[in-house]
Amino acid sequence: MEPLLALTIGVLVATSVYLMLARNVLRFIFGLILISNAANLTIFTAGRLTEGQPPLVPEGLDAPAVVVANALPQALVLTAIVIGFGLFAFALVLMFRAYSTLGTLYSEDMRLAEPREDRAS
Amino acid sequence: MISWYLATPLVLPFLTAVLAFLLRWGRAGRWISVAGNVALLGAAAILMARVLEDGVIAGQMGQWAAPFGITLAADLLSAVMVVITAITALAVSVYALADVPKRAEHLGYHALFNVLIGGVCGAFLTGDLFNLYVWFEVMLISSFGLLVLGGRPEQIDGGVKYVTLNLISTILFLSGVGLLYGMTGTLNMADLAVTVPQLENQGLVTLIAVMFMIAFGVKAAVFPLFFWLPAAYHTPFFSVSAVFAGLLTKVGVYSLMRMFTLVFTGDTGFTHEILLWVAALTMLTGVLGAAAQNDIRKILSFHIVSQIGYMIMGLALYTPLALAGAVFYLVHHIIVKANLFLVGGVAERIAGSTDLGRIGGLYKTAPLLAVLFLIPAFSLAGFPPLSGFWAKYVLVAAAIEIEGWAIAAVALVVGLLTIYSMTKIWAEAFWKPHPDGTDPTLASLSAHDRRSLIWPIASLAALTLVIGFFPEPFVTFAERAAGQLLDPTAYIEAVLGGPAT
């Protein structure tokens with residue numbers, strides 16, 4: 001299972017880096033969303049993978065009898081997904097606003113805050 | 001009981017934020033923000049007294065014992081950072097009474113501001129790596145809101161760069177946390193300090209250390225990761241600029257100091273060598289970038305970058321004296337930098353712009369403001385006997401002590417170049433006559449506005465003078481804090497309970 005997930009993460013990172021190198025900020029945001037999923041999968045994979053072993057303690061015992069799934073990384077991933085959802089919702093709205101106020105989605109043309117010397121004069 | 005000392009500085013800002021949000025339509029909201037920050041300063045002072053008396057203190061949230069639950073811990077560095085955060089927050093919340101327009105207040109400015117302060121305090125006090133990530137996010141989302149509040153095109157433009165680059169750093173941080181957890185099975189910083197040196201594969205640890213270095217480096221705006229900062233910091237309200245300039249990058253520096261003295265100390269020859277190069281290049285690019293700018297806030301933004309280099313230099317040299325210098329520098333810098341942005345805000349209100357080509361004559365109109373500008377400006381440049389002089393003195397002495405001639409020379413040259421930028425602002429904004437031939441007047445400011453603008457500036461300047469004239473207790477304090485950083489046994493014992501193995 002680990003090699004498969006490792007490959008998936010690799011492909012996700014490669015795709016997102018490709019997207020993030022684009023000058024179109026919308027593509028950049030899509031790349032960012034993909035790479036954040038790659039980060040979530042990294043936590044999930046690094047935290048021990050098991051097959052069909054839910055982290056339940058049998059009745060009468062204090063600890064699970066066999067090796068069960070690790071619940072902590074899943075909790076971390078859930079937290080990260082929720083936070084990421086909020087951040088990306090904000091980022092998308094910001095890009096939309098940028099498109100409507102600045103009239104462009106290309107980062108090269110976003111020079112209002114830092115005007116080029118040669119054009120400012 | 002101990003837990004409450006640690007939790008109060010976190011609970012107060014969020015409580016203030018909720019109340020300020022509910023009352024945002026009237027005048028009450030802004031005063032709640034001020035009152036909340038007075039209370040925060042009190043809580044921070046109590047925490048500081050406690051830490052001075054007992055040494056490192058730690059509390060387990062929800063009674064889950066470390067390393068399983070979330071730990072809050074405060075050593076001297078954390079405590080002083082919380083105190084300085086409270087001071088800055090109070091000054092800025094008073095300043096905001098006159099600076100932030102009603103429309104922004106109705107949109108929830110005060111709530112966002114206090115959430116930001118809560119996030120900053122949380123990042124300083126947490127003893128858990130994933131919790132640190134969460135506080136970073138709290139800070140990020142509220143800073144996004146503050147940055148674009150008002151919605152001018154420049155703000156949106158700067159916001160795009162700020163948001164995207166900070167999100168990348170966040171994702172790197174998160175991946176680093178995941179990998180470190182995979183190797184050690186713990187996220188508690190004190191527990192990591194025990195576990196990480198016992199790992200077999202130290203090469204991988206160094207790799208993860210570099211991931212953290214990049215993630216925190218983006219937050220701290222070091223070379224070559226600083227480009228989001230000068231792109232964004234000159235666009236929002238002056239209150240927002242000031243609190244960003246004072247606190248946000250310093251959270252990155254604090255996190256670097258924490259992780260690279262507590263957890264990633266296995267291969268200092270490699271990691272701290274990188275940090276030293278980063279420090280030198282950050283100082284130089286920042287100060288040279290500032291020399292090319294012609295707008296008060298842009299000059300000051302580049303100087304944030306250059307000053308960050310000094311703090312990283314203290315961490316990179318990694319001797320007791322150098323770390324003490326870094327701690328001293330952090331404290332001095334937050335006060336001075338926030339103050340300079342506040343002065344810039346008043347200059348804009350009186351003269352109509354921050355573009356040096358379009359303003360002038362401020363000395364004639366507002367001599368008090370001119371003096372209040374000179375104090376932090378010369379302190380930033382390192383004039384004796386102001387606070388910046390002692391900060392630079394300790395760092396350069398630490399560099400010479402271990403014969404780091406090159407870095408000492410860089411630090412001194414950058415100090416000189418800082419004077420160039422500060423005298424440029426002085427000559428252009430304060431000394432030369434106004435280019436329109438008209439003298440700017442104070443009439444545009446009501447008496448109420450004048451009071452709430454000048455008090456924070458004067459208080460922070462007074463604090464700079466106090467540190468400058470009586471540096472000894474502060475240096476002694478910084479040395480004690482550095483001692484705790486270099487020998488984390490007390491920290492580990494306080495968090496995990498019982499002697500460290």
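Select helix α5 (residues 109–125) and helix α6 (residues 129–148) of chain B. Their axes come within 8 Å and cross at roughly 155 degrees. That makes α5(B) roughly antiparallel to α6(B), a label for angles over 145 degrees. The crossing is left-handed: the near helix is turned anticlockwise from the far one by less than a right angle. Axes here are lines fitted to C-alpha atoms, for helices over the stretch in contact, and angles run from 0 to 180 degrees between N-to-C directions. Helices are DSSP runs (H or I, at least four residues), numbered from the N terminus.

This is a predicted model: local features need pLDDT of at least 70, side-chain atom pairs count only at pLDDT 80 or more, and totals for chains, interfaces and linings use all residues. Residues are numbered from 1 along each chain as its sequence is written, chains are lettered from A and ligands numbered from 1 in the order in which they are written, and side-chain values use heavy atoms, with hydrogens and water left out.

Now show the side chains between these two helices. On the α5(B) side, pick residues including B:Tyr109, B:Phe113 and B:Val120. They belong to a contact (heavy atoms within 4.5 Å) with α6(B), where B:Trp135, B:Met139 and B:Leu146 are among the partners. By class, the contact of α5(B) with α6(B) has 12 nonpolar, six polar and no charged residues. Ala, Val, Leu, Ile, Met, Phe, Trp, Tyr, Cys and Pro count as nonpolar, Asp, Glu, Lys and Arg as charged, and the others, Gly among them, as polar.

Next, select helix α7 (residues 153–184) of chain B. How far apart are its end C-alpha atoms? They are 47 Å apart, which agrees with the 46 Å that its 32 residues should span at 1.5 Å a residue. The expected span is 1.5 Å times one less than the number of residues. Of the 32 residues, 24 are buried, so α7(B) is largely enclosed by the rest of the structure. Buried means under 20% relative accessible area, exposed over 50%, partly exposed in between (1.4 Å probe, protein chains only). Step past the helix to B:Gly185, whose phi is positive, near 75 degrees.

Move to helix α14 (residues 320–351) and helix α16 (residues 367–381) of chain B. They pack at an angle of about 145 degrees, with their axes 9 Å apart. This crossing, too, is left-handed. Among the residues that meet are B:His332, B:Leu340 and B:Ile350 in α14(B), and B:Phe373 and B:Pro376 in α16(B). The contact divides into 12 nonpolar, four polar and one charged.

Jump to B:Tyr491 in helix α21 (residues 489–496) of chain B. At 4% relative accessibility, B:Tyr491 counts as buried. Leaving aside neighbours within four places in sequence, its contacts include B:Asp75, B:Thr126 and B:Arg258. Its C-alpha atom is 14 Å from that of B:Leu52, 439 residues apart along the chain.

Finish with the backbone. Most residues other than glycine have a negative phi, and most peptide bonds are trans. In the loop between α9 (202–220) and α10 (228–232) of chain B, find B:Pro224. The peptide bond from B:Phe223 to B:Pro224 is cis, with omega near -5 degrees. B:Ala221 is in the loop between α9 and α10 too. Its phi is positive, about 60 degrees. B:Ala221 counts as buried at 0% relative accessibility. Last, select B:Tyr318, in the loop between α13 (296–317) and α14 of chain B. B:Tyr318 has a positive phi of about 60 degrees and is partly exposed, at 23%.

Terms used. Parallel < 35°, antiparallel > 145°, perpendicular 65-115°, else oblique.
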